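This report describes selected helix packing and aromatic contacts in one protein model. The sequence and structure are shown below.

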Amino acid sequence: MECRNWIDGQQLGAEGGGLLPVIDPSTGETFARLAQSSEVDIDWAVQAARRASQGPWSRLSAAQRSQLLLRCARTLADAREELARLESRDTGKPLRQAQSDAAAIVRYFEFYAGAVDKLHGQTIPLGWEMTAFTLREPLGVTAHIIPWNYPLQIFGRSVAASLAAGNTCVVKPAEDASLSLLRVAELLHEAGLPAGVLNICTGLGKEAGQALAAHTDINHISFTGSPDTGRQVALQAAQNFVPVTLELGGKSPQIVFSDADLDAALPVVVNAIVQNAGQTCSAGSRVLIQRAIYGDFTERLAEAFKALLTGAASDNLDCGPLISAQQQARVRSYLENLDQDGIVVLAKGKLDSKAPAGGFYQVPVLLDHVPVNHRLAQEEIFGPVLVAQPFGTEQEAIDMANGTPYSLVAGVWTRDGARQVRMARQLRAGQVFVNNYGAAGGVELPFGGTGQSGIGREKGFEALYALTSLKTVALRHAAS
Ligand code: ADP
């Protein structure tokens, strides 16, 4: 299978003819090829998006744009199973997870279809002879640089929002996972999205990604990925005064107090690090446990970890492979020399006997008593590695939770209502979940962090503000 770019409503090979391998993480085998776009291809895509932003798309009424996005949602819903299978094969995620990702992209299009005609400006009182109001206008062409961990979901949250705001889009998916998005582009075209409104160029980050970030005719960049790459993207954008939304990951704590409903907390704490093999920006990668229950709760976590089975995506087990050999080596490097630092492995999951030899597997690992300043407790590993740490008082929990350069998400488990509120207010995180983690997807909930977790907010209504330009109009007129 040879996949081409999607530019101006049609498939187009890369100008240089280059191709990149698409590797199945469950087997390590190449099963397709992608166009290796250069700055020439990116420029075609941006030009197509610019033309479309000035065409009939810009003159649709809010209601018409809303109906079009609803048709997009329905078309994606009809293709859900096909998209899930493609995503599962390409990323290695168990089919069940890919099915929920395919359901999520549909929800994003539904949500933003419903938001289009509710995005209002304001009127501002100035006096009898003046009338002032604000207009929320499209920015123009928005760029979207997507990572490999949740292509369908992250495309949904940033592209559906941008289209709802009236922009046109150029998307650069990750070189490790582009297939589902190329198919989505065709489906949205079938649903009636005009040519040029959505363009997708595949390719390498340092080539196609950089060319998109540096392009002088884009008006916004949404980037999700690592802090190092995010910094480079922001530097490129700064050259052209292009605003950026950066979502760069986390080291999110789950804080379990001794009065918590431990039966409810246990499966959620496990899932928050095992889901997508820990390759989730908002993974709950630290579990902070109050001392009185530390032994008991870690024992229960260990039992749960030992029962986890890792294997091929198509076998739909608890955990699939990591995305690539490179990612596998990175995660393994964190697990070397644990003895030297006195860190004990409390439990490990099992590798399924049928798991193909060439796949990039890493079984889930639970680590005991990891010191607060150890790199395992400070850095984003992006694998199924859960770090357990004891705490005494509420204040100690807050200090530990807030004590990393990240601030994306935090989970709190306690039955004490006053403590729930105190914790929610004092945790440095873009989202705090109390007695749950993730709110079952949270399409409606603004998401993003500060510090090394990024800049700005995606999802929910909030995303629309960053994707529109606010114009203030003040009119002086006759008083009577
Ligand atoms: P990871 O390290 O997890 O693979 P990256 O942050 O490098 O994540 O990649 C996220 C996205 O950013 C991918 O689509 C990738 O191709 C792209 N990318 C990588 N390097 C650059 C760059 N220098 N400029 C723009 N985009 C890039």
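## Helix packing and an aromatic pair

Helix α5 passes α6 in a right-handed crossing; a crossing is right-handed if the near helix is turned clockwise from the far one by less than a right angle, and left-handed if anticlockwise. The model is predicted, with local features needing pLDDT of at least 70 and side-chain atom pairs counting only at pLDDT 80 or more, while totals for chains, interfaces and linings use all residues. Residues are numbered from 1 along each chain as its sequence is written, and side-chain values use heavy atoms, with hydrogens and water left out.

Two packed helices are described by the angle between their axes and the distance between the axes. The table gives these values for two helix pairs, with axes fitted to C-alpha atoms over the stretch in contact and angles running from 0 to 180 degrees between N-to-C directions. Helices are DSSP runs (H or I, at least four residues), as are strands (E, at least two), numbered from the N terminus.

| Helix pair | Axis distance | Crossing angle |
|---|---|---|
| α5 (residues 151–164) and α6 (residues 179–190) | within 9 Å | roughly 45 degrees |
| α2 (residues 62–78) and α4 (residues 95–115) | within 8 Å | roughly 165 degrees |

At its angle, α2 is roughly antiparallel to α4, a term for angles over 145 degrees; under 35 counts as roughly parallel, 65 to 115 as roughly perpendicular and the rest as oblique. The crossing of α2 past α4 is left-handed. Contact (heavy atoms within 4.5 Å) involves Ser66, Leu69, Leu70, Cys72, Ala73, Leu76 and Ala77 of α2, and Ile105, Val106, Phe109, Glu110, Tyr112 and Ala113 of α4.

Thr75 also lies in helix α2. This residue is buried at a relative accessible area of 19%, where buried means under 20%, exposed over 50% and partly exposed in between (1.4 Å probe, protein chains only). Beyond its neighbours within four places in sequence, Thr75 contacts Leu187 and Ala191.

Aromatic rings of Phe, Tyr and Trp (its six-membered ring) pair if their centres lie within 6.5 Å; planes under 30 degrees apart count as stacked, over 60 as edge-to-face and the rest as tilted. The count by this rule is 5 aromatic pairs. One of them, Phe257 with Phe391, is edge-to-face, at 5.2 Å centre to centre and 75 degrees between the planes. Phe257 lies in the loop between β13 (252–256) and α9 (262–274) and Phe391 in strand β19 (residues 385–391), so the pair ties together parts 134 residues apart in sequence. Phe257 is buried, with 0% relative accessible area, and Phe391 is buried at 0%.
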